[in-house]
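I set out to look up a few residues in this structure and then the fold as a whole. My entries follow in the order in which I made them.

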Amino acid sequence: HEALQSIFQKRLQLMVKNPVDEALMRELYTENVRRLSDNKIVSRRKLQDTTRNLVQSWPRRGVKLLSIAGKDNIYELLVVFSYSNHEGREIAGYSKISLLLDAQGKICGMSEAITPQKGHHSAGFTPFSYTGKKEFITVE
């Protein structure tokens, strides 16, 4: 349970780290990650590049964890986020982040769905009692 708490907290920290914490990405993700939405394999390097582009486009980011639920070795994190840039543009909404963990606790599959309103956990998923940090903000 404690190991899972740590994985979830570190994954949320990645969403606000500036610059991207590549060592943390290596710690959390397997070399290749299955995109759960379409079953395609994406390299960890590609995930790092995508995250770096997000950080550069939206350098100020805040994320708040709303809930976690799990089934077998898949966990869903429901979050609310707010990103802004130096020109004053802002995007905000809700996201459901699905994480598939391997036997070593590394993320080997993931997907993220952004919605304008709070989503729900998938049927058959059991609420996970998370007691760690829930709010993460970029520090520039």
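**Entry 1. A glutamine in a helix**

I began with Q48, which is buried at a relative accessible area of 2%; buried means under 20%, exposed over 50% and partly exposed in between, with a 1.4 Å probe and protein chains only. I note that the model is predicted, that local features need pLDDT of at least 70 and side-chain atom pairs pLDDT 80 or more, and that totals for chains, interfaces and linings use all residues. Residues are numbered from 1 along each chain as its sequence is written, and side-chain values use heavy atoms, with hydrogens and water left out.

I placed Q48 in helix α3. Helices (H or I, at least four residues) and strands (E, at least two) are DSSP runs numbered from the N terminus. Which residues does Q48 touch, apart from those up to four places away in sequence? I found E22, M25 and R26, where contact means heavy atoms within 4.5 Å. Q48 and E22 are 26 residues apart in sequence, and their C-alpha atoms are 7.0 Å apart.

**Entry 2. A histidine in a loop**

H121 counts as partly exposed, with 24% relative accessibility. Neighbours within four places in sequence aside, I listed S67, I68, A69, E76, L78 and K96 as contacts of H121. I also recorded a C-alpha separation of 8.7 Å between H121 and G70, which lie 51 residues apart along the chain.

**Entry 3. Backbone details**

I checked the loops for backbone geometry. The peptide bond from N18 to P19 is cis, with omega near 5 degrees, and P19 sits in the loop between α1 and α2. N39 is not a glycine, yet has a positive phi, near 65 degrees; I located N39 in the loop between β1 and β2 (40-43). D72, also a residue other than glycine, has a positive phi near 55 degrees. D72 belongs to the loop between β3 and β4 and counts as exposed at 69% relative accessibility.

**Entry 4. The core**

I looked up the largest nonpolar core and found 33 residues in it. Such a core is a set of buried Ala, Val, Leu, Ile, Met, Phe, Trp, Tyr and Cys residues joined through side-chain atoms within 4.5 Å. F8, L12, Y29, V63, I68 and L77 have the most contacts inside this core. The elements giving two or more residues to this core are α1 (2-14), α2 (22-28), β1 (29-35), α3 (44-57), β3 (60-71), β4 (74-84), β5 (90-101) and β6 (107-115).

**Entry 5. The whole chain**

How many helices and strands are there in the protein? I counted three helices and eight strands, in the order α-α-β-β-α-β-β-β-β-β-β from the N terminus. The radius of gyration is 14 Å, close to the 14 Å of the globule rule for 140 residues, so the protein is as compact as a globular protein of that length; the radius is taken over C-alpha atoms, and the rule is 2.2 Å times the number of residues to the power 0.38. The C-alpha trace spans about 45 × 30 × 30 Å along its principal axes. Buried residues make up 40% of the 140 residues. Of the contacts with a separation of 6 or more, 56% are between residues 24 or more positions apart.
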